[in-house]
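Q: Could you take me on a close look at a single part of this model, the ligand and metal site? I'd like one connected walk through what sits there.

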Amino acid sequence: MKIDAVEIRVLKMRLLAPFRTSFGVQQDRYPLLVRLEIDGRSQWGECVAGEGPWYSYETVETAWQILKGYLLPAVIGRELSGVDALETLFAPVRGHHMAKACLEMAFTAALAEHARKPLAKFLGGVRDRVETGVSIGIQATTDELLESIAARLAEGYRRIKVKIEPGWDVQAIEAIRERYPEITLMADANSAYELDDAAHLAQLDRFRLLMLEQPLPAGDLVDHAALQRQIRTPICLDESIESARDARQALQLGACQVINIKPGRVGGFAESRRIHDIAANGGVPVWCGGMLETGIGRACNVALATLPNFRLPGDISASDRYWAQDIVEPPFVLHKGGTIAVPTRWGLGVRVNVELVDRLTVRREMVR
Ligand code: OSB
Ligand code: MG
């Protein structure tokens, strides 16, 4: 297979409601899309980088530069025997997993289409539906928090994740538990705490949280291991796990009991699969995280979450969780029991609404 050319675009898309985490508020999302011209067809991919370097050092702008300056020149016009070949050509570029991942995932979807298989089957998936939960941002008041949880539960979501930060944690979780003693509940701190906060975080233990996601900074595997010895709530790592090597070291240290895999964060499907396997061998469950994706990235997440060790509900959500109109057809919808159906068409499995994408595009360039 040969990638003949790639169009890079940035869209501007308004979220249905602002999304607040411990690292900031997002009102608009600027998804970077790639359109690979391959085998005479278009294959779309989505980069999950944010507008600014808050979740990680990558941004829409750095992804654009790395794609145009390094990754695309390395692969365009070459005969690529498979994903291994792509990974080998990307290897000299350190980090920048989000930039790499959008190409790796689009290329993998093209391989799936070529093999006449749905992406999920091509990856070795074993499910036709994936269980999904929903992520709820930091709210101005406890009443608003309880209201938004009520709305999501009414929609059918069966696992609630709430964002926390110092000043919005124990009391917020306590209020949720008083109202909903039995829901499956978890919290995500996006690195807002330090090891010195261990005694404070131990106060969350009495709320029977499914897990506490990424309490400490990304590089702190050793501190996460120390924290895990001081709290009963299982720690899940998100930002800390950028590669299979990170996953192996995290498990060796006892830094977590669960891993959130976002293919965009780790460089794509192949590395996600390696992390999945390391976790499976260690008896550690994984689940698929989200990055406020459009339907293109969402389709990739859904496909990945069909692998056997994705044993906990993901942050996959339906298209209407974030978007008035998704850029794919059909959009992803929530089914009874809080599940999303896995597309059965070959390749990515959804059509891209190019007319809508054109209207939302704020920047584009062809690279040959
Ligand atoms: O930490 O999981 C996270 C969104 C943007 C950046 C980081 C995170 C999130 C979410 C939302 O929690 C996940 C989603 O629904 O896409
Ligand atoms: Mg997270």
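A: Here is a walk from the ligand to the metal and then out to the rings.

Before we start, this is a predicted model: local features need pLDDT of at least 70, side-chain atom pairs count only at pLDDT 80 or more, and totals for chains, interfaces and linings use all residues. Residues are numbered from 1 along each chain as its sequence is written, chains are lettered from A and ligands numbered from 1 in the order in which they are written, and side-chain values use heavy atoms, with hydrogens and water left out.

Ligand 1 has 16 residues around it, the closest being S135, K163, N190, L292 and Y322 (near means that a heavy atom of the residue lies within 4 Å). For polar contacts, take pairs of N or O atoms within 3.5 Å; within protein, one must be able to donate a hydrogen and the other to accept it, and residues adjacent in sequence count only if both atoms are side-chain atoms. Y322 puts a polar side-chain atom 2.6 Å from an oxygen of ligand 1. With D188, a side-chain N or O atom is 3.0 Å from a ligand 1 oxygen, while M291 uses a backbone N or O atom, at 3.2 Å. Taken alone, ligand 1 exposes 390 Å², and the protein buries 98% of that (accessible areas are by Shrake-Rupley with a 1.4 Å probe; for residues, only the protein chains shown count as cover).

D188 turns up again at the magnesium ion, ligand 2: its protein donors are D188 (OD), E213 (OE) and D238 (OD), 2.0 to 2.3 Å away. Donors here are N, O and S atoms within 2.8 Å of the metal (3.2 Å for Na, K and Ca); water is not among the atoms, so the site may look incomplete. Along the chain the spacing reads D-x24-E-x24-D. E213 is in strand β10 (212-213) and D238 in the loop between β11 (235-237) and α9 (244-253), so this pair links parts 25 residues apart in sequence (helices, H or I, at least four residues, and strands, E, at least two, are DSSP runs numbered from the N terminus). E213 is buried at 0% relative accessible area, and D238 is buried at 0% too (buried is under 20%, exposed over 50%, partly exposed in between; 1.4 Å probe, protein chains only).

Back to Y322: its ring and that of F19 make an edge-to-face aromatic pair, 6.0 Å centre to centre with 80° between planes (Phe, Tyr and Trp rings, six-membered for Trp, pair with centres within 6.5 Å; planes under 30 degrees apart are stacked, over 60 edge-to-face, the rest tilted). F19 sits in strand β2 (13-21) and Y322 in the loop between α12 (295-304) and β14 (328-329), so the pair ties together parts 303 residues apart in sequence. F19 is buried at 8%, and Y322 at 7%.
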